[in-house]
Amino acid sequence: MPVADYQTYCTMLDRARANRFAYPAINVTSLTTANAVLRGLAEAKCDGIIQVSTGGAAFASGTTVKDMPLGAISIAEHIHRAAERYPIYVALHTDHCQADKLDSFVLPLVAETERRRAAGLPNLFSSHLFDGSALPLRENLDIAIKLLERFKKSDLILEIEAGVVGGEEDGVRAEANAKLYTTPEDTLEVAGRLNSIGARYLLAATFGNVHGVYKPGAVKLRPAVLKECQDAVIGRFGQSAQFDLVFHGGSGSELHEIHEALDYGVVKMNLDTDTQYAFTRPIAGHMFSHYDGVLKVDGEVGDKKAYDPRTWMALGEAAMAERVKRAVSELRSEGTSLFK
Ligand SMILES: [Zn+2]
């Protein structure tokens, strides 16, 4: 199916919230990883979200070019074409973009969508994350309001973040004393300032989650924080103010914690670390077990079939697709595709 349009994306999110499931939002950095997600989602009969980070976008443009919008547009254009061949819908999203990177990442992509719409073409991306979590909440929301007003005109959905996700992603490391749990007061301020704009947004509230993967026990997740935030906002602004929540840094979480978060309104769960490992694992196996094929040992010529990048990238694609299917099942979204 084509990339989900705004109405379809909204219907996807509504259904997830009503039925207490979430969509996996998987980071991709190449054609092959994008294809892996499409394949995994299609095999699980689940719609989903494909996202590109600043680092992933720079990588996709070429390691010497390092042009974030160029890489993001290249991946998005590939997905717009390739998604037509899979019986599911995907939304296209951009991941963490701090305030100092808006001008070099998200805003050029928004301008590209505006340009396309003016020419009668579909949006390039469906949604973008502005990560102002390193700023005081007031400044974070000042920027979010401006973005949301602009996004509204182009049917773009904004994701914002209140509270800091721990750990490290794309070389950005959260400070040790960062605020790892969003408070009900924070979310009242979010709803109080953003809801009157009348545009859809997603909220990444934090409940002890961390980027990257940690050994069991290292992470103290408190999904109940999400319920406290939802209860506060519904109490103040009514049922319709309930948030569409996003779960960042979910790699390595316990299944019961994931399910509890879904019960409290998480509709999008980001996956990067786990799918990175899933992609690389069979490639490592291939290199070790075909040592004398992928290398030219002792004056030999190696084995072209073994070192052809297609051979081992196909293994990565298949394994990453399997990991996406596992995420779909953990997020209770198997078989939920709007495409019938
Ligand atoms: Zn994140």
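Which helices each supply at least two residues of the lining of the second largest pocket? In this predicted model, they are α3 (54-60) and α10 (273-289).

Let's stay with that pocket for a moment. Its volume is about 280 Å³. Of its 16 lining residues, Thr29, Thr33, Asp272, Gln276 and Phe279 are the closest to the centre. Helix α10 makes the largest contribution to the lining, with 4 residues.

| Class of lining residue | Number |
|---|---|
| Polar | 10 residues |
| Nonpolar | 4 residues |

Now to the metal site. Three histidines coordinate the zinc ion: His96 and His211 each through NE2, and His248 through ND1, at 2.0 to 2.2 Å. Along the chain, these donors follow the spacing H-x114-H-x36-H. His96 sits in the loop between β3 (90-94) and α5 (106-118), while His248 belongs to the loop between β10 (245-247) and α9 (255-263), so this pair ties together parts that lie 152 residues apart in sequence.

Are His96 and His248 buried or exposed? The cut-off for buried is under 20% relative accessible area. His96 has a relative accessible area of 8% and is therefore buried. His248, at 1% relative accessibility, counts as buried too.

Note on methods: Residues numbered from 1 in each chain as written. Predicted model: local features only at pLDDT ≥ 70, side-chain atom pairs only at ≥ 80, totals over all residues. Heavy atoms only, no water. 1 Å grid on protein atoms, 1.4 Å probe; cavity = no way out; pocket = protein on both sides within 12 Å on 5 of 7 lines; lining within 4 Å. Points joined across faces, edges and corners; volume = space filled by probe spheres on them. Nonpolar A, V, L, I, M, F, W, Y, C, P; charged D, E, K, R; others polar. Donors = N, O, S within 2.8 Å, 3.2 Å for Na, K, Ca; no water. Buried < 20%, exposed > 50% of the residue type's maximum accessible area, 1.4 Å probe, protein only.
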